[in-house]
Amino acid sequence: MVSRMGFMQGDLVEPADKRRRSFLTDCWREEFTVAQKVGFELIEWRIGEEPILMNPVMSSTGRDQMRQLSGECDICIPSLYADFMMHAPFHKVAGREHRARLDLLGAVIEACAEVDIKLVVVHSRTTGISFLPARQRRY
């Protein structure tokens, strides 16, 4: 079995706003180069509290750039950590808010399938849940 080293997106470059693991709107691309230089082969992508639609995984242009950089730097993105769900868990609300949070999570899962991210991890203080994007499920 071959062991591969990885990191969580947002940990290799200094955030512009100095918050821990904040989404790096302007410098996320740099992490691929830094990761390649230090020998990492995996990135666990992350969606935090930032405006979620600004995360590159949520746009076709962003996903194209992620695929391109992943190929150029020989770095795989096998998983995404849905950090935003820890701060707004769907299982702690009801009604329209519950539906809106599930819809957002569904959109993230679908976006992950588009960029071949195979695992979406949702964590809260009370539960940890993992989802496989629809295209990756094997029955």
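The sections below cover the basis of the values, the salt bridges and one loop.

## Basis

The model is predicted, so local features need pLDDT of at least 70 and side-chain atom pairs count only at pLDDT 80 or more, while totals for chains, interfaces and linings use all residues. Residues are numbered from 1 along each chain as its sequence is written, and side-chain values use heavy atoms, with hydrogens and water left out.

## Salt bridges

With a salt bridge taken as a side-chain nitrogen of Lys or Arg within 4 Å of a carboxyl oxygen of Asp or Glu, the count is five. One of them joins Asp-83 to Arg-46, with the closest N and O atoms 2.8 Å apart; this pair links distant parts of the chain, since Asp-83 is in the loop between strand 3 (76-82) and helix 3 (84-87) and Arg-46 is in strand 2, 37 residues apart. Helices (H or I, at least four residues) and strands (E, at least two) are DSSP runs numbered from the N terminus.

Asp-83 is buried at 10% relative accessible area, as is Arg-46 at 5%, where buried means under 20%, exposed over 50% and partly exposed in between (1.4 Å probe, protein chains only). Within helix 2, Asp-64 and Arg-67 lie three residues apart, about one turn, and form a salt bridge at 2.6 Å between the closest N and O atoms.

Asn-55, in the loop between strand 2 (42-47) and helix 2 (60-73), is buried because its relative accessibility is 0%. Leu-53 is found in the loop between strand 2 and helix 2, but counts as exposed at 65%.
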